[in-house]
Amino acid sequence: MNDLLNALLPGISASGLAILLAATALGGIVRGFTGFGFAMVFMPLASIVLGPVAALGLIWFIDLPYALPLAARSAKNAEWREVLPLLATATLALPAGIWLLIWLDRETMRWILAGLVLTAVALMASGWRYHGRPGIPLSLGVGVLSGLFNGMASIGGMPLAVFWLGAQRNDKHKTRANLQTFFGISTLIGGTILWLNGILTSGAALMALPLCAVYGVGLWAGTHGFRLASDAAFRRIAYLVIFLSALVSLPVWDGLIGR
């Protein structure tokens with residue numbers, strides 16, 4: 001068993017493997033419960049072990065076998081008038097996000113992202129709600145943010161979650177269907193862009209094999225937990241996930257935890 005793990009995860013220490021397994025399981029639970037958040041949990045932890053670029057490719061391979069079936073089941077309940085504009089602009093903005101990841105000072109970028117997300121969560125938690133059906137300009141703008149965030153740090157679900165969770169007219173089932181549908185389709189589109197940029201590699205595909213099973217167990221647990229939660233609990237948990245993901249990404253903690 002150890003020989004197999006060493007072959008699939010070459011150069012990964014026992015502590016590194018433990019971090020990857022924990023990040024995958026917890027990310028799966030969050031993704032299954034809220035419909036988003038795998039990358040927000042997985043990316044900071046996996047980056048400690050692998051670095052951000054390798055972690056980004058690994059996320060894609062782990063989520064692919066699950067994102068597509070989840071999207072297929074959710075598509076009939078999704079609000080396509082909202083999903084399609086978001087997909088279009090997120091796809092166009094993704095290469096720009098990857099370019100920013102490469103060229104911007106990483107610490108400055110992290111401060112900007114964390115500040116934007118924390119501001120958005122504070123606004124949503126204050127009780128503000130978007131009234132009415134989101135128009136095309138707003139949907140396009142949120143899509144651009146999602147694509148940029150996805151390319152820079154694989155956290156494109158943050159602006160989408162804030163956008164759809166803030167639409168009071170959507171219940172938790174509609175919100176989750178929108179998120180699952182968006183992620184399934186964007187996984188295919190984004191995979192092409194990641195492959196063209198050399199981020200999807202055969203090594204990442206092999207590394208994902210043992211982690212996919214762990215992720216599946218986490219998804220199952222999160223999905224069953226979702227069925228037991230009320231709308232209010234669903235929103236509170238989703239806000240907390242977004243808030244914590246932004247909080248732990250702040251560069252101020254780097255010196256304390258040796259990141």
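**Chatting through a helical model**

Trainee: Where does H5 bend, and by how much?
Mentor: Keep in mind that this is a predicted model. H5 bends by about 35 degrees at Ala93, and a proline, Pro95, follows within four residues.

Trainee: And how far does H5 reach from its first C-alpha to its last?
Mentor: Helix H5 covers residues 80-103, so count 24 residues, and it reaches 34 Å. That is close to the 34 Å expected at 1.5 Å a residue.

Trainee: New topic. How many salt bridges does a search of the whole structure find?
Mentor: One. Asp63 pairs with Arg31, and their closest N and O atoms are 3.4 Å apart. The pair links distant parts of the chain, 32 residues apart: Asp63 sits in helix H4 (residues 52-74) and Arg31 in helix H2 (residues 14-34).

Trainee: Are those two buried or exposed?
Mentor: Asp63 is buried, and Arg31 is too.

Trainee: OK, the core. Which residues touch the most other members?
Mentor: Phe42, Leu58, Ile62 and Leu194 do, in the largest nonpolar core, which has 30 residues. Several helices each supply at least two residues, among them H2, H3 and helix H10 (202-228).

Trainee: Which helix gives the most to this core?
Mentor: H4, with eight residues.

Terms used. Residues numbered from 1 in each chain as written. Predicted model: local features only at pLDDT ≥ 70, side-chain atom pairs only at ≥ 80, totals over all residues. Heavy atoms only, no water. Bend = angle between axes of the 7 residues up to and from the residue. Salt bridge = Lys/Arg side-chain N within 4 Å of Asp/Glu carboxyl O. Buried < 20%, exposed > 50% of the residue type's maximum accessible area, 1.4 Å probe, protein only. Core = buried A, V, L, I, M, F, W, Y, C linked by side-chain atoms within 4.5 Å.
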